[in-house]
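Here is a friendly walk through the two chains you are about to see. Shall we start with a pair of helices and work outwards from there?

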Amino acid sequence: MEKVIIIRYAEIHLKGKNRGYFERVFSVNLEKSLKGIRHELRRMSGRYLVAAFAEEDAEEIERRIARVFGVHSYSRGYLTESDMESIVAAATRVCPQTGTFKVDTHRGDKKYPLTSMQLNAEVGAKLLEAYPALKVDVHTPEGCVYLDIRDGGKTLVFGSFEAGANGMPVGTSGKGLLLISGGIDSPVAGYMMAKRGMNVSYLHFHSYPYTNEQAKDKVVTLARILSRYTGEGSLMTVSVTHIQEEIHKKCAAELNVTLLRRFMFRIAERIAKKTGAQCLITGESLGQVASQTIEGMTSSNAVVTLPVLRPLVGFDKEEIIVRAKQIGTFETSVLPYEDCCTVFLPEFPAIKPKLSFIEAEEGKLDVASLVEEAVGTLERIAF
Amino acid sequence: MIYLDNAATTRPLAGAVAEAETYLKELYFNPSARYHGGAEVSRMLSRAREFLVGAVADPAEFELIFTSCGTEADDQAIFSAARRGNAVTTAGEHAAVFESYKALKNRGVEPRFAPILSDGRVDEAALLSLVDEKTSLVSVVHVNNETGAVNDIASLAKKVKQKNPRTVFLSDGVQAFGKIPVRLTKEIDFYSVSAHKIGGVKGTGALIRRKGCTVLAPHIFGGGQEGGMRSGTENTFGIACFLHAAQAKFALLRADGERLLALRERLWSLLDHALFTRISPEDGSPYILTVSAEGLRGEILQRELWDMGVAVGTGSACSSKKPFSRVIEACGYGEKTLYGVLRMSFSPETTAEEIEHAAEAVNAAVRARREA
């Protein structure tokens with residue numbers, strides 16, 4: 001009998017001929033997530049098993065597995081020989097000692113001499129012998145003992161299913177560049193694209209000395225939390241200070257944010273192309289703030305050719321907050337390191353800016369050289 | 001780097017660090033240990049206690065409790081003394097006192113805040129009018145940490161006791177101790193001090209208390225150190241450092257004060273008066289000059305100046321809802337002044353040359369931003 005954690009994967013079974021590729025990426029991601037913990041990762045008929053780990057690492061392994069996209073569910077249990085004695089010995093360990101229970105057998109090995117119903121009954125009877133305070137309830141049991149009879153004379157015995165993060169293995173759906181601020185939304189947007197298998201890298205715009213280093217550190221912290229899911233290891237930053245000053249000095253105040261966002265998109269596209277990203281990702285949600293109207297998004301999209309993915313576009317703030325809490329970024333996002341960026345905020349930002357007006361105002365600036373200058377401030381913070 | 005943020009913290013004196021090293025590397029013994037090494041450390045603590053009290057008060061009347069910082073000293077005094085009725089303080093206090101007073105409300109004690117004048121000193125008449133027969137505590141900061149204004153605590157304490165002799169009087173002396181002449185009178189019950197504002201290290205403070213005042217209660221219980229008033233093994237290297245720094249500062253207190261007063265005024269004369277409003281009073285601490293670059297953001301200037309090699313303080317933190325100083329606001333200034341506050345604070349290590357360079361940088365940074 002061997003102590004194991006059983007991992008079942010989510011959508012990979014949908015992928016016909018690509019299946020081998022998806023599985024390879026998935027197992028590499030699993031290995032990466034378990035870096036630093038002694039273990040063995042094995043394939044076993046459509047499942048993965050983590051074995052040869054120390055008991056005190058089990059919880060940490062489970063925590064990490066729960067964050068790997070592509071994991072549908074996982075269970076802590078035992079891998080044993082398929083003879084009755086071994087199965088009962090393992091079942092005794094995962095079975096509750098009081099309350100109601102049932103045995104639920106899945107017979108993958110169709111040549112096994114007993115049927116599922118027979119196994120349920122026989123193993124159930126042995127468990128009742130071992131724990132006299134137990135009662136059987138096949139409809140709404142409090143506990144359950146699962147037997148998974150596999151080919152090759154091996155059986156998996158476990159007591160519960162824990163839900164995984166689902167989605168697709170990160171790295172199987174291309175590469176995107178996330179525009180990450182210190183707020184609540186953008187980390188959630190990055191999480192959602194990673195969940196669909198996208199490799200996500202991060203770009204943060206700062207306006208030092210208007211913004212402070214603590215604000216940047218906060219973004220690094222957010223990126224690190226997000227990286228538990230995405231596996232990305234660094235944050236890119238670019239200064240937009242000079243651009244903001246120029247806009248502030250020369251352009252209509254109500255367009256400040258609109259114009260800045262167009263610059264951010266241009267810079268992001270340049271960096272995306274340089275780093276092999278195939279799209280931009282933002283945390284925009286329709287109508288959330290003045291710049292996140294359809295007109296605002298249209299004006300930003302107009303300056304780039306890469307697709308801009310906005311996974312939160314149809315989400316309410318509340319829904320985003322719920323997700324941010326689940327991901328673990330919320331507490332950091334709400335830390336009060338807001339910055340002096342507000343000196344540039346107009347009192348009445350344009351909600352539905354006309355493209356002709358935007359372009360006229362932007363014409364007052366040397367767009368190309370400002371973008372060039374900003375790209376030149378690119379820094380990479382590894383973590 | 002020209003360091004003009006000494007009111008925030010000072011660079012530890014080289015001699016003080018050397019002293020600390022001795023107590024980290026050689027004399028690391030627990031002062032409560034009953035062998036020779038322990039006794040030796042314990043004797044150093046006694047010397048420190050004696051010197052630090054003696055520097056500002058009569059050791060027959062006053063004694064000292066080592067704490068982890070000035071804030072701890074303030075808090076212990078406040079929550080020990082303000083047990084009933086009301087407690088009075090000023091709008092110009094450091095957060096260590098101000099926030100503790102706000103917390104008193106939850107303990108059934110009414111906090112009362114006296115207004116301050118435009119230079120940061122407390123409005124004496126207003127303060128005294130808040131004191132009545134139910135006042136258990138009055139706290140007045142000695143040197144206002146944001147403007148440098150000096151409150152006459154001896155006279156205030158006397159007037160408070162005349163109105164209600166049972167009222168306990170506390171003064172936060174963190175920006176005064178080792179910088180301006182201090183003599184604690186019999187009307188002052190508690191005085192809080194800190195090591196890292198005078199060349200010691202962070203993590204060491206003390207509460208000086210009048211022996212006749214018996215309200216003090218321990219907030220940390222344990223092995224009974226500090227006469228049972230503050231348990232926990234003493235920060236011996238920090239205290240050794242504190243002792244050394246205090247000895248150095250008190251030896252030259254008057255000479256340093258006079259020199260820094262001249263430097264402070266020199267700095268003010270070099271600043272472009274068309275760009276700045278002066279907030280610090282002329283009769284305030286020689287260690288602090290606070291000005292405002294009207295309408296600009298102090299925090300942004302602060303970072304630009306850092307990049308130019310000059311470290312200064314501000315009255316603001318952009319993080320709070322009101323991105324400017326509560327204390328300077330209480331002085332009665334408008335928003336434009338409040339946003340632009342810069343605090344330049346000195347130490348005896350500050351040189352005339354540094355002042356010249358700093359003035360140039362500060363003028364240049366503000367001019368550049370005005371033109372931007």
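## A helix pair in chain A

Let's begin with a contact in this predicted model. On one side, α7(A) brings A:Ile243, A:Gln244, A:Ile247 and A:His248, and these meet A:Asn256, A:Leu259, A:Leu260 and A:Phe263 of α8(A). Sorted by class, the contact between α7(A) and α8(A) holds five nonpolar residues, three polar ones and no charged ones.

Two packed helices are described by the angle between their axes and the distance between the axes. Here α7 spans residues 241–250 of chain A and α8 spans residues 256–275. They pack at an angle of about 145°, and their axes are 10 Å apart. The crossing of α7(A) and α8(A) is right-handed.

## Chain A as a whole

Stepping back, chain A contains 13 helices and 15 strands. Its radius of gyration is 27 Å, well over the 21 Å given by the globule rule for 383 residues, so chain A is more spread out than a compact globule. Along the principal axes, the C-alpha atoms of chain A fill a box of roughly 85 × 40 × 35 Å.

How much of chain A is buried? Buried residues account for 39% of its 383 residues. As for contacts in chain A between residues at least 6 apart in sequence, 80% of them join residues at least 24 apart.

## The two domains of chain A

Four residues from domain 1 of chain A and six residues from domain 2 of chain A take part in the contact between them. On the domain 1 side, the residues divide into one nonpolar, one polar and two charged.

Is A:Ala91 buried or exposed? A residue counts as buried if 20 or more other C-beta atoms lie within 10 Å of its own. A:Ala91 has 25 other C-beta atoms within 10 Å, so it is buried. This alanine lies in helix α3 (residues 84–94) of chain A. Leaving aside residues up to four places away in sequence, A:Ala91 touches A:Val123, A:Leu127, A:Val145 and A:Val157.

A:Ala368, in helix α13 (residues 367–375) of chain A, has 9 other C-beta atoms within 10 Å and is exposed. The cut-off for exposed is 12 or fewer. From A:Ala368 to A:Tyr78 is 62 Å, C-alpha to C-alpha, and the two are 290 residues apart in sequence.

## Chain B as a whole

Now for the other chain. Chain B has twelve helices and twelve strands. Its radius of gyration of 21 Å is close to the 21 Å from the globule rule for 372 residues, so chain B is as compact as a globular protein of that length. The box filled by its C-alpha atoms is roughly 65 × 50 × 35 Å along the principal axes.

Of the 372 residues in chain B, 52% count as buried. Among contacts in chain B with a separation of 6 or more, 71% are between residues 24 or more positions apart.

## How the domains of chain B meet

In chain B, domain 1 is made of 2–9 + 253–371, while domain 2 covers 14–250. Their centres, taken over C-alpha atoms, are separated by 27 Å. In the contact, 20 residues of domain 1 of chain B meet 24 residues of domain 2 of chain B.

Which elements of chain B give two or more residues to the domain 1 side? They are α8 (253–270), β10 (288–292) and α10 (326–330). The largest share, three residues, comes from α10(B). By class, this side of domain 1 of chain B has ten nonpolar, nine polar and one charged residue.

## A buried serine in chain B

Let's finish with B:Ser100, found in helix α4 (residues 95–104) of chain B. B:Ser100 is buried, because 22 other C-beta atoms lie within 10 Å. Which residues does B:Ser100 touch, not counting residues up to four places away in sequence? They are B:Asp74, B:Asp75, B:Ile78 and B:Phe79. B:Asp75 is 25 residues from B:Ser100 along the chain, and their C-alpha atoms are separated by 6.4 Å.

Conventions
Residues are numbered from 1 along each chain as its sequence is written. Chains are lettered from A and ligands numbered from 1 in the order in which they are written. This is a predicted model: local features need pLDDT of at least 70, side-chain atom pairs count only at pLDDT 80 or more; totals for chains, interfaces and linings use all residues. Helices (H or I, at least four residues) and strands (E, at least two) are DSSP runs, numbered from the N terminus. The radius of gyration is taken over C-alpha atoms; the globule rule is 2.2 Å times the number of residues to the power 0.38. Two residues are in contact if their C-beta atoms, placed from the backbone, lie within 7 Å. Domain bounds come from an automatic or database domain assignment. Ala, Val, Leu, Ile, Met, Phe, Trp, Tyr, Cys and Pro count as nonpolar, Asp, Glu, Lys and Arg as charged, and the others, Gly among them, as polar. Axes are lines fitted to C-alpha atoms, for helices over the stretch in contact, and angles run from 0 to 180 degrees between N-to-C directions. A crossing is left-handed if the near helix is turned anticlockwise from the far one by less than a right angle, and right-handed if clockwise.
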